Amino acid sequence: MEIVPLPVHEDPRGALVELCRNAWLEPDEPVQWNAITNRSGVLRGVHWHNHHVDFISPVHGSSLVAAVDLRIDSPTEGRSEVIELEAAAPRAIVIPAGVAHGFYSARESVVMYGVSAYWDPDDELGVRWDDPALGIPWPPEAASAVISDRDASFPTLAESGPRLRWNPG
């Protein structure tokens with residue numbers, strides 16, 4: 001996982017934030033950009049992809065982004081981290097293939113994200129957001145978050161084992 005500080009160019013009218021440059025993401029430049037709007041108290045995930053990289057930055061509000069490295073034999077295998085991304089302090093996060101991730105937005109937010117491969121339902125994998133095996137230190141209010149039926153029905157990490165197909169080669 002990599003944090004990318006985003007250049008901000010301010011003048012009396014406001015600011016322009018550079019959200020992404022292909023050079024920051026080579027060789028995994030986004031081929032598709034998406035926007036997620038979150039209502040207050042929404043938790044999305046935890047998802048992972050075996051075949052694409054995510055480039056994530058909020059453009060309104062803030063979100064906690066949790067990530068857990070599920071890549072077998074990765075130097076950071078099993079490590080989890082929670083990072084707060086705020087539109088007011090522009091940064092982006094690059095999430096490699098094989099790293100599970102989820103978002104919690106205590107307040108309304110808009111998050112832009114680019115992906116390095118087009119959406120493929122077979123590469124939309126998930127694990128229960130509250131599985132203790134992930135080691136994600138969600139804030140206490142996440143326990144009452146709004147979660148989709150799909151995300152709430154994800155299996156535990158132990159039950160997901162056969163779907164962990166990430167291959168660095």
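Trp 138 is buried, with a relative accessible area of 12%; buried means under 20% relative accessible area, exposed means over 50%, and partly exposed lies in between, for a 1.4 Å probe and protein chains only. Trp 129 also counts as buried, at 9% relative accessibility. This is a predicted model, in which local features need pLDDT of at least 70, side-chain atom pairs count only at pLDDT 80 or more, and totals for chains, interfaces and linings use all residues. Residues are numbered from 1 along each chain as its sequence is written, and side-chain values use heavy atoms, with hydrogens and water left out.

The structure holds two aromatic pairs. Rings of Phe, Tyr and Trp (its six-membered ring) pair if their centres lie within 6.5 Å; planes under 30 degrees apart count as stacked, over 60 as edge-to-face, and the rest as tilted. Trp 33 and Phe 55 form an edge-to-face pair, with 6.0 Å from centre to centre and 85 degrees between the planes. This pair links distant parts of the chain, for Trp 33 lies in strand β4 (residues 32-38) and Phe 55 in strand β6 (residues 54-60), 22 residues apart. Trp 33 is partly exposed, with a relative accessible area of 40%, whereas Phe 55 is buried, with 2%. The rings of Trp 129 and Trp 138 have their centres 6.3 Å apart and their planes at 65 degrees, so this pair is edge-to-face.

The strands come next. Helices (H or I, at least four residues) and strands (E, at least two) are DSSP runs, numbered from the N terminus. Two strands pair if DSSP finds at least two bridges between them. An open sheet of five strands has the order β8-β7-β10-β5-β12, with antiparallel pairing. Strands β8 and β12 (125-126) stand at the edges with a single partner strand each, so one side of each is left without a neighbour in the sheet.

How many residues of strand β7 (residues 62-69) are buried? Eight of the eight are, so β7 is largely enclosed by the rest of the structure. In a regular strand the side chains alternate between the two faces of the sheet. In β7 both faces are covered: Ser 62, Leu 64, Ala 66 and Val 68 are buried on one side, and Ser 63, Val 65, Ala 67 and Asp 69 on the other. Seven bridges join β7 to strand β8 (residues 80-86), and the two run antiparallel. In β8, Leu 85 is the bridge partner of Ser 63, and Glu 81 is that of Ala 67. With strand β10 (residues 99-105), β7 pairs in the antiparallel sense over six bridges; there Leu 64 stands opposite Tyr 104.

Pro 90 is found in the loop between β8 and β9 (91-95). At 19% relative accessibility, Pro 90 counts as buried. Pro 90 and Val 4 are 86 residues apart in sequence and 8.9 Å apart in space, C-alpha to C-alpha. Pro 90 touches Pro 5, Leu 6, Val 8 and Val 17, not counting residues up to four places away in sequence; contact means heavy atoms within 4.5 Å.

The last topic is confidence. The mean pLDDT of the chain is 86, and 91% of its residues reach 70 or more; pLDDT is the predictor's confidence in each residue, from 0 to 100. Confidence is highest in β10, at 95, and lowest in helix α1 (residues 22-25), at a mean of 70. Where pLDDT is low, the predicted coordinates should not be read in detail.
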